[in-house]
Amino acid sequence: MLTVKDVTLRFGGLTAVNNVSLTIKQGTINGLIGPNGAGKTTFFNLISGVYTPNEGEIVFDGVKLNGKKCFEINHIGMSRTYQVINLFRKMTVVENVMVGLHPKMKSGYFSAILGTKSQREEEKEVLEKALDWLDFVGLRGNAYEMSGSLSYGKQRLLEIVRALASNPKLLLLDEPAAGMNSKEKEELFDILRKIQNLGVTILMIEHDMKLMMGITDYIFVLNYGKKLAEGTPVQIQNNPEVIAAYLGED
Amino acid sequence: MKLKSVSKILLAILLLLVPLLLRNFNYGILICGFIGIYIIAISGLDLVFGYCGQISMGHAAFFAIGAYGSALLHKYLHLPILFTMVIAAVIATLIGALLAYPASKLVFHFLSLATVAFGEIVYQLVAQSPGGITGNFTGFYTDSINLLGFKINTNARFYYFALICVCIFLLMKHRLVKSKEGRAFLAIRENSHAADGMGIDVKRYKVIAFATSAFYTAFAGSMYAHYVRFISPETFSNRQSVMFLTMLLFGGTASLSGPIMGAAAVLLLNEGLRFAERYQMLIYGFMLLVVILLMPGGIYGIIKKQIDKRRVVS
């Protein structure tokens, strides 16, 4: 469903992503790992439209993504979370999810000003949907709190559900478990399975190897902007090159 | 809940009785009319600044486009005045959209510079107009609003007209900010990268916010022109833009009632300090400092804090 072919991204003289190719299959949970500074988040920014590759092409669901803007890529069916939490802090929890539902809403500017019946009904529906999504991750009890006042782990979950609200085909998660305690990580594990059961394909960056090895079907390893290896978790764990990259051997 | 609706009805009755209560104090009614005009003007500014997080230091330009647009259309094309007010506001909306389209790329401080420049351009245009159609620095006289033969030519009549306009504009604002458009504005203010990632066309919504706010402020400008019945460039200098921002910040941003309280407080203060008119800018500057340093949420912020506190206690 996502095919990345020979993609390169340069910032001036620095090559951040170097000739990377990979294919992601429908319905799978995929991991993207690598040492710090390997270009993982840059790679996410590349496929989600923050950057445009200098070379190569990215094809998602039959559509070429090169040069498309973030919001357009979201409309095609790819949604994401961020390494640094990027919530709308001074909006309530449920409003955050309603923003996630924004691309699905039909009524326009004038129907809002006139307060037409269809617009009001749509607002109601969207509110209901957003509350259902909060149920999905167990945040319904926090629906009317300011999102900035949630605990760190809950903020991570809210980011995930905000991204999920637009019913994406592919969900990109950038370190979803960062800052979570072990109980929260277990909850996250279950939620990721539930997301997979919805038919959503996942590509995630994560440093927690236990979580990563336990949940992913397939793992890609980046090092210095290049793809070092790919394979099932077991294959990756036994790959000498990967071990060397992580332990810093020659 | 009941207490709330009772107090709402009492407030409505009080607002309706203002001209009667102040019948021996015509000047007071005059000021109330101005408060209405400013509520509309800065409610518009609030949409772009308070909700969408984009600054405008040149909103006096839209005030001017509304005032001059309506007065000129009436003078040269002899169109009925309420009609000219709407046309002028629509023209300002288009100009606002045209300005916001390239300006939406700019970040905060550069946007403020661009809007200062825009304000200056419009000021120069009305002060030294082609063919002198605006009367340049001398200004020119116009008529009062005429609603199918009913002239709004007394302070009390204008007060009711302004009251109706304020209600309409605030209702529109209320609906807009509670819709998907309003959420998009807030999302852009809070985090434009995340808004982009969530499928919001950031540029489009910045343009919408700016254009809508131009409509509000321009309509208020046209109300001003036909209330005072005389306009000159002096009213539309960057001083006016600073006053708009002072009122908005003083009252509190991103709310319906903030602009109401801000407009009332600053205008009443202005009247109280008439003897110190020379120091007006100094006073605004001081007020802005006080707001930014001591009460970042404005009057609205302080009241809201008190209410929230009480809720937590009870």
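## Helix packing in chain B: H3 and H5

In chain B, helix H3 (residues 60-77) packs against helix H5 (residues 108-127) at an angle of about 30°, their axes lying 8 Å apart. H3(B) is therefore roughly parallel to H5(B), where angles under 35 degrees count as roughly parallel, over 145 as roughly antiparallel, 65 to 115 as roughly perpendicular and the rest as oblique. Axes are lines fitted to C-alpha atoms, for helices over the stretch in contact, and angles run from 0 to 180 degrees between N-to-C directions. Helices (H or I, at least four residues) and strands (E, at least two) are DSSP runs, numbered from the N terminus.

This is a predicted model, in which local features need pLDDT of at least 70 and side-chain atom pairs count only at pLDDT 80 or more, while totals for chains, interfaces and linings use all residues. Residues are numbered from 1 along each chain as its sequence is written, and chains are lettered from A and ligands numbered from 1 in the order in which they are written.

The crossing of H3(B) and H5(B) is left-handed; a crossing has this hand if the near helix is turned anticlockwise from the far one by less than a right angle, and is right-handed if clockwise. From H3(B), the residues Ala60(B), Ala61(B), Ala64(B), Ile65(B) and Tyr68(B) meet Phe118(B), Gly119(B), Val122(B), Tyr123(B) and Val126(B) of H5(B). Two residues are in contact if their C-beta atoms, placed from the backbone, lie within 7 Å. The contact of H3(B) with H5(B) comprises nine nonpolar, one polar and no charged residues. Ala, Val, Leu, Ile, Met, Phe, Trp, Tyr, Cys and Pro count as nonpolar, Asp, Glu, Lys and Arg as charged, and the others, Gly among them, as polar.

## Helix packing in chain B: H4 and H9

Helix H4 (residues 81-103) and helix H9 (residues 202-228) of chain B cross at roughly 145°, with axes that come within 7 Å. The crossing of H4(B) and H9(B) is right-handed. Among the residues of H4(B) in this contact are Ile81(B), Met85(B), Ala88(B) and Tyr101(B), and those of H9(B) include Lys206(B), Phe210(B), Phe215(B) and His226(B). By class, the contact of H4(B) with H9(B) holds 16 nonpolar, four polar and one charged residues.

## The interface between chains A and B

In the contact between the chains, 27 residues of chain A meet 21 residues of chain B. On the side of chain A that touches chain B, two or more residues each come from helix H2 (70-76), helix H3 (93-100), helix H4 (109-114) and helix H5 (117-137) of chain A. This side of chain A divides into 12 nonpolar, nine polar and six charged residues.

## The six-stranded sheet of chain A

Chain A has an open sheet of six strands in the order E6-E7-E8-E3-E9-E10, with mixed pairing; two strands pair if DSSP finds at least two bridges between them. Strand E6 (78-80) and strand E10 (226-231) of chain A each have a single partner strand and stand at the edges, so one side of each is left without a neighbour in the sheet. On average, and with direction ignored, neighbouring strands of this sheet are turned by 20° against each other.

Strand E7 (residues 170-174) of chain A is mostly covered, with five of its five residues buried. A residue is buried if 20 or more other C-beta atoms lie within 10 Å of its own, exposed if 12 or fewer, and partly exposed in between, with C-beta atoms placed from the backbone. In a regular strand the side chains alternate between the two faces of the sheet. Both faces of E7(A) are covered: Leu170(A), Leu172(A) and Asp174(A) are buried on one side, and Leu171(A) and Leu173(A) on the other. E7(A) runs parallel to E6(A), joined by three bridges, and Leu170(A) is the bridge partner of Met78(A). E7(A) also pairs in the parallel sense with strand E8 (residues 201-205) of chain A over five bridges, where Asp174(A) stands opposite Ile205(A).

## Strand E9 and Tyr218

Strand E9 (residues 218-223) of chain A pairs with E10(A) over five bridges in the antiparallel sense, and Ile219(A) stands opposite Gly231(A) in E10(A). Helix H10 (residues 240-247) of chain A packs on the sheet, touching E9 and E10 of chain A, and its direction makes about 130° with that of E10(A).

Tyr218(A) lies in strand E9 of chain A and counts as partly exposed because it has 19 C-beta neighbours inside 10 Å. Leaving aside neighbours within four places in sequence, Tyr218(A) is in contact with Thr28(A), Asn30(A), Glu230(A) and Thr232(A).

## The four-stranded sheet of chain A

An open sheet of four strands in chain A has the order E2-E1-E4-E5, with antiparallel pairing. Strand E2 (14-24) and strand E5 (63-64) of chain A are the edge strands, each pairing on one side only.
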